[in-house]
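I opened my notebook for a first look at this one. Come and read along with me.

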Amino acid sequence: STQSTGVCRTYVNPYVQLNDGARRWKCNICARLNDMPADYFYGEDGRRIPFDIDKRPELTSSVVEYIAPTEYCTRPPQAAMYLYLIDVSCGAVQSGMLKTACKVLSEELDNVTGDWGCIG
């Protein structure tokens, strides 16, 4: 599981600074020093295991999905929203990037999950 701080609620992420042999981490948002969650060091059987950053996607990838616990929610969960920003500069048009981006996006829209409210 992932763990947030008690004050700023930042999740452990690739931009935190690990300290004390990765037993603590410094928040990249508020600079608070936090204890690393216990499950980073203990297996399901309760035995201590080596800490392996490569097995923690929240420390190696800048895109990770979290399901927020109810204490983080001020309202019921909302449907996912997607926003696509496309470079429409002269360079993008001349290089063919705009045409390719539009083609791929139009082909993949059917694969995006969620309730569609507006496309425009």
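I began with Asn19: a polar atom of its side chain lies 3.5 Å from the backbone oxygen of Gln17. I looked up what counts as a polar contact: a pair of N or O atoms within 3.5 Å, where within protein one must be able to donate a hydrogen and the other to accept it, and residues adjacent in sequence count only if both atoms are side-chain atoms. Asn19 sits in strand E1, residues 17–19. Strands (E, at least two residues) and helices (H or I, at least four) are DSSP runs numbered from the N terminus. I also found Asn19 touching Arg24, Trp25, Lys26 and Leu33, with residues up to four places away in sequence not counted; contact means heavy atoms within 4.5 Å.

A note on the source: this is a predicted model, in which local features need pLDDT of at least 70 and side-chain atom pairs count only at pLDDT 80 or more, while totals for chains, interfaces and linings use all residues. Residues are numbered from 1 along each chain as its sequence is written, and side-chain values use heavy atoms, leaving out hydrogens and water.

Next I checked confidence, or pLDDT (from 0 to 100 for each residue). The protein chain has a mean of 79, and 80% of its residues reach 70 or more.

Then I turned to Ala31, in the loop between strand E2 (24–26) and strand E3 (33–35). Ala31 is not a glycine, yet I noted a positive phi of about 70°.

Is Val88 buried or exposed? I found Val88 exposed, with a relative accessible area of 59%; the cut-offs are under 20% for buried, over 50% for exposed and partly exposed in between, with a 1.4 Å probe and protein chains only.

Conventions: pLDDT is the predictor's confidence in each residue, from 0 to 100.
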